[in-house]
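Biologist: I'm new to this one. Can you put it on screen and walk me through it?

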Amino acid sequence: MTLPLDDIRVIEIDNWMAAPSAGAILSDLGADVIKIEPLTGDPMRDTSRPAKIDGPMKGYDFQFDVDNRGKRSIAVDLDSDAGQDIVHRLCADADVFLCNLLTRRQERFGLDPEQLWVMNPKLVHATLTGYGTEGPAAWRPGYDVTAFFGRSGLYDSMREGADGLVPMARPAQGDHTTGLAIVSGILAALRMVDKTGEGQVFETSLFETAVWTQATDFSVTAVDQAPVRRRSRQQQIIPTANRYPCGDGHWVVFNMPEVTAWPRFCRAVGLEHLLDDDRLQDIKGRFDNMAELVATIDEALSAKSRDEWGEIFDEQQLIWGPVLGLHEVATDPQAEAIGLFPTIVHPERGPYRTVRPPIRLRGVDTNPKHSAPVLGEHTRSVLADVGFDAATIDGLVTDGAVAEP
């Protein structure tokens, strides 16, 4: 089957989750992605929560796998001249170089755009950083919790009310969002190379991707620099755009900002008498009495379970959603219908479920192709691809410039 990127080769030097997740998506789309790891491996290896299962997949590193499936791995010592020469030779025959190295490290290893373009003038050079490659924070390493959620204002804006605690993100939410930005930028850069015949530099950061996710807020805040008001449930502007607990402890969320939703909502939850309350006849009146309204709606919804209410909400054509646990999403019939959790077959351990990116093309199988490689699994074959003979590879292994499993 033809895949969109089956003629593209990507050389990847990165770690943890943001840039590797982009490489995994490119691999799903057909690219040959060669992951260059230090001799000790990507530090993400073997750090994930072990799955609570028995059988052949017990102990498997699923979190490393999701960001590295479909790739080939070569273990290289970048501090050695021989290691740097290997990377240069690989880049000379590649379409994309993807890294999360700060500028000073790119220059140290001869991996900045200008040095790589000497060997390959049509190369796309893609860099992910925490904060960008220019400015006072360009030197600063960043993770998604610090650069994406913290400095971008996202954590602060998500606090529950004026004095609410700063929330804590789940692992790699910012990383995987940024991974999608990396993929889109690389595809645009490849198109530019097609049009101009010249190499292209693409850069993004966790910080700027996070700001983009909040563009609706920043479209105003960038103009007036006013702090965003952090609203608790009791301070929301519209009661039909809020979240509420049900009788079984599960929650539901509504997003119906239009004025016409108020009567339908009241009838659906059995609060028709509120329609006759003089205090609640317009948006301002409902806002002024929001704390009392929230308490009243909470009490009404306590009469039934989330699923029981769900049937009623659907019948009344309300726009709502269940607040599912992750374990519920993994078995959600809707997730199953759109193939969110495809199966990979590990060559030794057998089949397991994974997660696909939110990209579907009609008639094209963009599901993951194979499991993540073990460290250095393809060192020998990748070196052979670029002209190293067996004796030379043996010498590189002996000298510690590269490593095999």
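Modeller: Let's begin with terms. On a 1 Å grid over the protein atoms alone, a pocket is an open set of points with protein on both sides within 12 Å along at least five of seven lines, and a cavity is a set of points where a 1.4 Å probe fits but cannot get out. Lining residues have an atom within 4 Å of a point. Grid points are joined across faces, edges and corners, and a volume is the space filled by probe spheres set on the points. One caution: this is a predicted model, where local features need pLDDT of at least 70 and side-chain atom pairs count only at pLDDT 80 or more, while totals for chains, interfaces and linings use all residues. Residues are numbered from 1 along each chain as its sequence is written, and side-chain values use heavy atoms, with hydrogens and water left out.

Biologist: What volume does the second largest pocket have?

Modeller: About 670 Å³. Its lining has 32 residues. Asp-14, Asn-15, Asn-100, Leu-101 and Arg-105 lie nearest the centre of this pocket.

Biologist: Which elements give two or more residues to that lining?

Modeller: They are α1, β2 (32-37), α4 (103-108) and β5 (124-129). The largest share comes from α4, with three residues. Those labels are DSSP runs numbered from the N terminus: helices are H or I with at least four residues, strands are E with at least two.

Biologist: How does the lining of the second largest pocket divide?

Modeller: Into 17 nonpolar, five polar and 10 charged residues. Here Ala, Val, Leu, Ile, Met, Phe, Trp, Tyr, Cys and Pro count as nonpolar, Asp, Glu, Lys and Arg as charged, and the others, Gly among them, as polar.

Biologist: And how much space lies in the largest pocket?

Modeller: About 1,900 Å³. It is lined by 38 residues, and the closest to its centre are Gln-63, Val-66, Leu-326, Phe-341 and Val-355. Two or more lining residues come from each of α1 (18-28), α2 (62-68), α8 (173-196), α15 (326-329) and β11 (350-353). Helix α2 gives the most, with five residues. By class, the lining of the largest pocket has 22 nonpolar, eight polar and eight charged residues.

Biologist: What lines the second largest cavity?

Modeller: Asp-28, Leu-29, Arg-356, Pro-357, Ile-359 and Thr-366. The volume of the second largest cavity is about 30 Å³. Three of its lining residues are nonpolar, one is polar and two are charged.

Biologist: Switching to strands. Which residues cover the two faces of β4?

Modeller: Strand β4 covers residues 96-99, with Val-96 and Leu-98 on one side and Phe-97 and Cys-99 on the other. All four are buried. Buried means under 20% relative accessible area, exposed over 50%, partly exposed in between, using a 1.4 Å probe and protein chains only.

Biologist: Why two sides?

Modeller: In a regular strand the side chains alternate between the two faces of the sheet.

Biologist: What does β4 pair with?

Modeller: Strand β1 (residues 9-13) pairs with β4 in the parallel sense over four bridges. β4 and β5 also pair in the parallel sense, over four bridges. Two strands pair if DSSP finds at least two bridges between them. Val-10 stands opposite Val-96, and Cys-99 stands opposite Thr-127 in β5.

Biologist: How many disulfides are there?

Modeller: Zero, in a search of the whole structure. A disulfide is a pair of cysteine sulfur atoms within 2.5 Å. For Cys-91, the nearest cysteine sulfur is that of Cys-99, 9.4 Å away. For Cys-266, the nearest is that of Cys-246, 16 Å away.

Biologist: Are Cys-91 and Cys-266 buried or exposed?

Modeller: Cys-91 is buried, because its relative accessible area is 1%. Cys-266 is buried too, at 0%.

Biologist: Last one. Where does Leu-154 lie?

Modeller: In helix α7, residues 154-157. Leu-154 is buried because its relative accessible area is 13%. Leaving out residues up to four places away in sequence, Leu-154 touches Phe-148, Phe-149 and Gln-214. Contact means heavy atoms within 4.5 Å.
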